[in-house]
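Hi there,

Here is the structure I promised to pass on. My notes follow below it.

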Amino acid sequence: MIKRIAAAIVGIGVAGGVGFLAYAWYPEISPVAPPPPSSFSKAQIEHGRVLAAGGYCAECHTRTDGKRGIELAGDYKMDTPFGAIFSSNITPDPETGIGHWSEAAFKRAMRKGISRDGTQLFPAFPFDHFTHMTDQDIDDVYAFLMTREPVHSVKRENTVAFPFNIRLEQAGWKLLFLHEGPLKNNNAKDAEWNRGAYLAEGLSHCSACHTPRNAMGAEKSSAPYDGAPVDNWIAPPLNEHNPTPVVWTEDEFFKYLRYGSAPLHGSAAGPMSPVVHGGLSEMPESDVHAIAHYLADIDKASSRVSEDPKAIAWAMKASMRDLVGPQTDPNARLYAGACAACHANAGPQPVEGRPDLALNNALWLDEPTNLYQVILHGIGTTEGISTASMPSFYHSFSDADLARLAAYLRATRTTLKPWTDLEKKAADVRKTLAASPVASSH
């Protein structure tokens with residue numbers, strides 16, 4: 001009897017293994033000759049260009065560290081908890097890019113995360129979002145990519161360690177976390193909401209940065225849009241857990257996503273700058289409105305906005321704190337000398353391009369990461385809005401200065417508990433910035 005039970009267990013295990021292999025294995029799709037540009041209409045190519053911008057294809061498929069890469073030729077480094085992953089070349093080069101990929105092969109990669117040769121792709125490529133795109137939109141992106149200039153470029157090797165580098169394992173990840181296929185309309189919502197959901201959850205994959213990840217690198221379904229660390233910044237919550245005192249309304253979302261600045265919150269910086277200026281700025285204004293409409297519903301803006309006038313009035317009062325009369329507090333003097341000329345606001349409303357710090361996300365997050373990033377790097381006219389900029393204080397402030405300033409602002413511009421280990425955290429952010437491609441600008 002024991003032998004029979006053991007044999008049954010082994011049999012079930014073998015059968016399960018065979019079943020998994022059958023699920024995980026995909027055949028190669030035969031290579032095709034690179035399609036001539038004339039095989040696509042001008043309208044299809046142009047629509048594909050707009051979609052590729054809205055999906056940030058160039059941002060993730062163009063090398064930026066060390067030497068500047070050629071657009072869409074890949075080799076962009078993505079640091080993950082499992083190791084570094086380098087993006088692929090998506091120009092139509094036959095040898096190193098996707099020149100031999102058919103529409104069917106491209107669509108399979110977007111829908112299922114499977115390469116043309118049948119290899120399982122890592123979910124650093126957000127196929128778990130692109131799977132929600134329509135067939136026509138995927139075909140149009142294909143048309144755009146296949147009409148770009150071919151670039152012969154070989155990416156660096158990934159450094160994902162064993163056993164996570166076993167491609168077959170990605171099929172198990174997909175079995176757990178990939179919900180394949182286009183999104184279904186929510187009939188309880190209006191057409192603009194459904195368009196916004198399609199764009200935010202599919203093409204523009206907003207939650208890929210703004211949702212925390214679990215131990216397997218998948219977005220936590222229990223905490224959508226709860227905020228997460230990304231590229232040495234913090235992507236803040238986009239839901240009702242966003243800690244700023246003024247609600248992100250549809251109007252604020254739209255201004256930020258379309259133009260790079262929301263008067264009641266601040267300017268685009270860090271990883272969000274290319275999202276705004278290299279991506280969403282190319283999309284129809286109606287689509288950006290739809291995304292803003294969708295996100296404002298996620299953060300329950302309509303039910304929370306009534307407290308905004310009180311919060312704005314408090315912020316305006318806090319903005320002028322310690323700036324009238326003789327000042328003995330050395331931390332207040334540091335702020336007055338370096339920051340107040342732009343950020344102190346005696347008016348009734350914040351000034352465009354000069355965000356009131358009492359309303360800014362950076363001061364209300366659990367960590368000072370974004371505040372330090374902005375102070376050390378600054379914000380150029382190509383990052384936020386073209387009519388305002390902030391200089392870098394990389395060489396002007398020591399880590400101790402940064403810690404003093406952060407502690408002062410947190411205490412006087414918010415109602416939250418103090419941050420801890422401020423000087424060490426300043427040193428950590430400075431170190432990551434020194435290793436980045438923008439370090440030379442300091």
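**What I found**

Residues 326-413 are 47% helix and 0% strand, with end C-alpha atoms 20 Å apart. Helices (H or I, at least four residues) and strands (E, at least two) are DSSP runs, numbered from the N terminus. This is a predicted model, in which local features need pLDDT of at least 70 and side-chain atom pairs count only at pLDDT 80 or more, while totals for chains, interfaces and linings use all residues. Residues are numbered from 1 along each chain as its sequence is written, and side-chain values use heavy atoms, leaving out hydrogens and water.

Residues 191-299 are 45% helix and 9% strand, and their end C-alpha atoms lie 19 Å apart.

Now for the cores. A nonpolar core is a set of buried (under 20% relative accessible area, 1.4 Å probe, protein chains only) Ala, Val, Leu, Ile, Met, Phe, Trp, Tyr and Cys residues joined through side-chain atoms within 4.5 Å. The largest has 56 residues, and Phe106 and Leu295 touch the most other members. Several helices give two or more residues to this core, including H4 (103-112) and H12 (285-298); H12 gives the most, with seven. Apart from this core lies another, of 27 residues, among them Tyr335 and Leu363.

Enjoy exploring!

Conventions:
Buried < 20%, exposed > 50% of the residue type's maximum accessible area, 1.4 Å probe, protein only.
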